[in-house]
Every structure is written in structure tokens, then in C-alpha cells.
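User: I have a new structure open and would like to go through it. Can we start with the strands?

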Amino acid sequence: MTDIPGLDKLPGQISALAGAVPQAGISLARASIDHLLDPVRGFPTLHFMNEARLAWRFYLAQKESEIFFFFMREDSPVNVVLDTNISFRVAAVSRTYQPMPITVESISKRIVLPPFIKTQPSAQELRDFAPQGATRENTLFLTLGPQRQNPLAVMNPKKHNLVGITEPDWWPKLRYSPNGVPGAIEPDNGKYSLKPFLDLTETLRSWVKNGFDVGPDMPFDVDSLGYQSDVKHILKTIIKAYSEALSQVRMGGTNQSKLFLALVGEYEVLDFQARVVLRLRPDGSIASDNKQDPFQLLMLVWMIQEQEKMKTRVAIGPPDFLVSGALYEAFVEALRQKEALTEIATLLNSSSEEVNSLLRAFAKSGVIFRIKREDDGDTDVLVLPGVDSGKNAALMLRGKFVVDAAKDPPRVELKKNTIRNLLFNEPNRESPSVESEAVKYFFRLFDNIKRWIGVLQ
Amino acid sequence: MKGDELHELGDILRDAGRTLDPDSTPNPPEIPDDDQRLTTVLEKLTYVQNRMKTRGVKPPLTEGKPVEFSDFFSSVGRSLVEAQKALDGHSETYLERIRGRPHILPSVFRIPKLSAEIKFALKEVKAEKINLIFYSTKDEAEKQHQQSVQFDIVSVPPPQPQEMINLTPQVTLILSSGMRNSVFEGINQFLGSTGDEAELKSVPFLKDQDNMDQVLIVEAAPLKCFFLFYAEPEKDKDVGIWRLTLDPSPKLEEVIRFTRTIGKAGDERLLHDAVLEFGRLQADFLKQLR
């Protein structure tokens, strides 16, 4: 487990922050009391802290060889290994039950996994739909499509770096079986077909667009994540922060006089949620440098209160993954600038007008994912599928962008001469295939999805 | 809080002051005198707003002076209460000035709600205390203000749960004829139970209804008893205070009674005259109720 100085103080900080709200309510009541007891001057009025909404952000960032805890933004956030936003409300409530302090142990833990991932495929499913030699350990088993009707088994996705470099025998293998009809094993003659990747893109897109936190949850034993797991450490810290904040808000005012309690009423911590982006090693520990083959994980953690029963719901999602919204639009707009259009048109042997029209049409159902962060910009891959001349087509571009997501609206600028065409399949080809460079990014994505599941199992 | 955003909190309070309760917003006809009056009120409102800007909510803007989170909330709250008190004063003035002019709707000025958003950085965090820092320059504020809190303070009528009523010490002048009759019945019951003629005579206000109407009966709810004040109209030195408890059974006790001048200062006469005057006002009032 990584030593993260400062993280252990988080529960105390959050509970102090939450506890300040009822204290403020008491202060307001104290200030109002003269006014209240003087009905001659105006209406007797109580000034009342109705609600406070708090947002708390902290980072873990690597500086030289150590990891530091920050509340402030550093000038170069390139090596941020953990970025956490915690938000919650402290609101006045009318309670019908006696409030009690809660403990971390008393909170039930649940997890929402992506619905298209089959974490425990049966031996039969592996035999029928996976390449030969596939096991639960080396294979990511997905069920794509709106009805989860298209099994896709990807064996050894971690070998993505070998694609295009070694003989195809060493590359990751996949088997795509639309509508449950077992498909061919790929690569076939050193080529992968486009269809499974487009199906994956659409499935990921729907998943993110419909809310990756939506879906059935299952019991989740945080302790089973193992001693080395920083994910476990961080999750437990967040849960502890919630339980201490709730206890502080519920019980912190009990030393007040009965009069003030009668005036101020009761408060509760509501809508507590944390958004955590982590850079991890495969064993679930924080990756402090790029040599450790890191991957990113996004977790959303909610605390749900049902009467007196508390529940933590953890959902995993794709970090740096856009399917819609203002930032997505800003990326598309950056590509539609005159200079960018000229660059892309040259790559595609087309005209700027045709590229512009293509981008406008294909951007409606695309995905964008970040593959690299550097001091001078981010490298992103854009997969833009669509229909051209009545047939499925796709444009896949890679470029370096300067992104300012904090601006309203967000600003995105394509760096000159950085755009590369990874794929533009000809719509008139019967069996379009994907070139090795584009395939690498998809397999990296498969590898990351497999790791997300791995660190939470 | 971004740069001078906290300064702007004063403006928010000022704007809140401008937000008059829509149900009671005056709509005076355009008569020069009334326009002038309204201008005066608005000038006074501006004065209140300016006062709010310079009191309480002035933010700590230097990095060297962190402010505790709960103190910050408290200072905003105190400023709001001060502002409302000042507005109440001006409402009173306004109502006074429009008295006798029925074409002008009576109005009071209220701050119904204060909403604010603060962005801030942290100086030091201990388990019990959170110290906030507000950077004054825009660049620093954008970089450092990573934490935020939004809050709503609303003005509500005070709650009147039984607990609060019980906790608030109250003395009430009893004017209801039903309650007054209960008190006198209690006294009669007590005197009847003693059977002591001398004691009956020693309670001067039981002679007739006029005398009884002049008895000031004050209920001291927390003590579960009544205090009765009475001054003899004919005898300018005769004044007394009695205590009546009803539970478990009626009991009347003399607290103090002056029947003659003590010393030259005549301080019992001051008490006599005050109780007599107030008693007469009350008697007149009670007669009107019959």
C-alpha cells in the first residue's frame, strides 16, 4: 500500500466542514434571538441556515520521487495520480426517528459493474465464444449490443503493444459472435475486422450516455481487495469521511441548550458523493511513474440513506472518455477549424468541405478518449462512426489538443501538424478491416477495462 | 472565493435588502409628497446597504490571515441579522409617516433569503478546525480556490413548538374574563376553606366587581403561579401584591402590603399610584369587553 501523507486526515476535514453548518445555524439563531424576542420592531424572524452545498477537491501528485497530498492546483498537474471531488449537502430536515451515529462497518457496500462485462463467463461460454486457450484469467468477455446479444471475447489484451511489431501469432486474439453465432478468430491474415470495434464503441457510448452508474448493484467486500490495494484504502477513507460527517452533523449539536436546538432544528448529510480518478498499477496500488504500466480508473461513490440504513454504492466508469456535452462539442469544433480541416483533408485525400460535412454527420455518435497527458497538451483519439452511402463507415483520428475544461464553455485547440488518420474505412468495401495502429488503442482500452474489474475483485 | 468575490457578498446582501417581500411591496400613487417619501425610504435603505457592506462581512483577503470556517458563516449571519434590524427600523419609520394616508399601502421591508457561493483555499486543516484563505488576485484565486460552498439562509417565522414555549420565561397580563374568573374562584375557594373571616377582610379587592377589574393579574407561567397587584382607590397608601397558586389546591399568600406611610420618601405611594393608574386603564378596557 502506498504511503499517502494527509489522506488519513480527510475524514476529520470532511466532518469539520459538515459540522460547521449546524454550528452556523446555532450562530444565526444566537444572532436572531434579540430580534425574535422583540416583536414590536418588525416581524419576529428567525434567520435560518436552510442548506449548504459543499464541494471538496484534493489531489495526490507526484513530485520528484514522492507522492504529495494537495488541496491546491499545482502549476503542472501532469503527474496527478489521484484527483478526487467530494460533494454533499448539509440540509435542515424534519426527522421522524431518533438519529444515531453510524460506523463504517454498519454501512453496506455495493458495486455497479458495467453491464456489458461478464466477469465470470462459464466454461461453456468460453468454449463457444472465445479463442482457443481462453481462460477467465487471460480473457475479457463482453456482451455487446443493445440487448447484449453479441459476445466478444478478447484474449490477452495486455499484448496490445505487440500489434504490428511481431508476428500476428503473438497479438491479442478476439472472437466476435453477432447474435450468438460463433464468429471467426482474429486476427485473420494479420487483420482485425472493423465490426467488433464499432459495436464496442457504440456499446461504450450508450453505457456512458445512459449513465454508467445506472444498473443493478451487487454486494462488495472492500476488505477482500487485499492489503496492497490503494483502491481499498481510498474507498474506506471516503466511507469513513461520510460516517464521521454524518455523526458530527447528527450528534455535534447535542451539547447545545434545548432552546437553541428548538430554534435550529436538525440537520442531515445528504447526496454525499465522490468522484475519484486514479492512476493505478495492475495490483491496485497507485502508480507513481509511467514505467509501471499504469492505467486510469474512475470510480463514483455514493452514500445512500434509506431511513436508518446506509448504503455505499460504487460504480466504475471510463476516465477521460467523452460521448457528448460541451467538452465533446469543443473537440469537434476544434477539428472543424479551417487549418484543421485542411490538415485532415490532406490526410484523407479529400476537400475541406467534404471533411467538414463528414465530421458534422459522424460526430453525432462518436467517442473521444484521452490516451496521453503531457505538459504541452493531451493526445486524444476520436472514433467517429457513421453511415456513408448506405454502409457502415468510421473515421478514427488521433491528435494533440490543448484543453481548458474549466472555461465556460470549454476550450479545445488542435496543435498544428499533430493530427493523424488512424482509420477511414472505405464504405464500399465488403469486409473493412482495421489497421494495426488503430487496433492498438482498442486493445489498450480492452486491457484497461479488464484491469478496472481486476482491481475491484 | 474568487478574488474580490467575497467583497461582492456585501453586494449580495445589499441586493437581498432590495428584494422586498413581493406581497408587501408598496405601489404608491405618483403624488409628489409620496414620491418624496419613498425616495427618503430608499435613501435610508441605501444607508443600510452601505452599512452592511462595511460591517461584519468584510472578508479577510490576505493570505496571512486565514479565517475559521464556522466564524465565516457566523459573520455572514450576524451581518444579515443586523441588516434586517436596520430595515425593521426603517419599516417602522415608513409606517409612521404614512399613518393617516389610506391611499398608501402599509409595507414592511424584509430580506427573505440570502444565497451565496464561496470559493476558497485551505490554509490549515485540523480535525476540529478548517481555516480558509481568500486570495485577492484573480490569477491566484483561479489557481488556488479549489474548494467551494454554496449556502442559503432563509428568514422564517420562529418555530413555536411546545418545548420552546416551555423554555421561554414569560409573564402575561391576564385579561381574559374566563381566566380572571378562575383566579378569583381560586381565591374564594382558598378563603372559604380557611373559614377565617379576618383573612377574607384582609383581601381588599373582593368587595365588588369594580375593584376586581382593577386587579392586575400576571401569570408567571414557569413558576406555575399568578401575581396579583392591587391599589385601593380610596386610600392613597394602600397597595399590595399577592401570590396565588392553584395546584394542588388554591392558596393565596400576601407577598407585600403597604397600608400606611413608611418614612418620608413615600416610595409605597409611587407603587400605589402606578398600580392604581394601570388598574384603572385595565378596568376601563374590561368594561368595554362586557
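User: In what order do the strands of the five-stranded open sheet in chain B come?
Analyst: This is a predicted model. In it, the order is β5-β6-β7-β8-β9 of chain B, and the pairing is antiparallel.

User: Which strands stand at the edges?
Analyst: β5 (171–173) and β9 (251–258) of chain B. Each has a single partner strand, so one side of each has no neighbour in the sheet.

User: And what does the twist average from one strand to the next?
Analyst: The average is 20°.

User: How many bridges join β7 to β8 in chain B?
Analyst: Six, between β7 (residues 225–231) and β8 (residues 239–245) of chain B, and the two strands run antiparallel.

User: Which residue in β8(B) is the bridge partner of B:L228?
Analyst: B:W242 is the partner of B:L228.

User: Changing topic to confidence. What is the mean pLDDT of chain B?
Analyst: The mean is 70, with 57% of the residues of chain B at 70 or more.

User: Which elements of chain B have the lowest and the highest mean pLDDT?
Analyst: Helix α1 (residues 5–18) of chain B is lowest, at 47, while β7(B) is highest, at 93.

User: Where does pLDDT stay under 50?
Analyst: Residues 1–7 of chain B are one such stretch, and the model gives them 22 contacts beyond four places in sequence. Residues 124–128 of chain B also stay under 50, with eight such contacts.

User: What ipTM and pTM does the predictor give the complex?
Analyst: The ipTM is 0.70 and the pTM is 0.70.

Notes. Residues numbered from 1 in each chain as written. Chains lettered and ligands numbered in written order. Predicted model: local features only at pLDDT ≥ 70, side-chain atom pairs only at ≥ 80, totals over all residues. Pairing = 2+ DSSP bridges. Helix = DSSP H or I, 4+ residues; strand = E, 2+ residues; numbered from the N terminus. Axes fitted to C-alpha atoms, helices over the stretch in contact; angles between N-to-C directions. pLDDT = per-residue confidence, 0-100. Contact = placed C-beta atoms within 7 Å.
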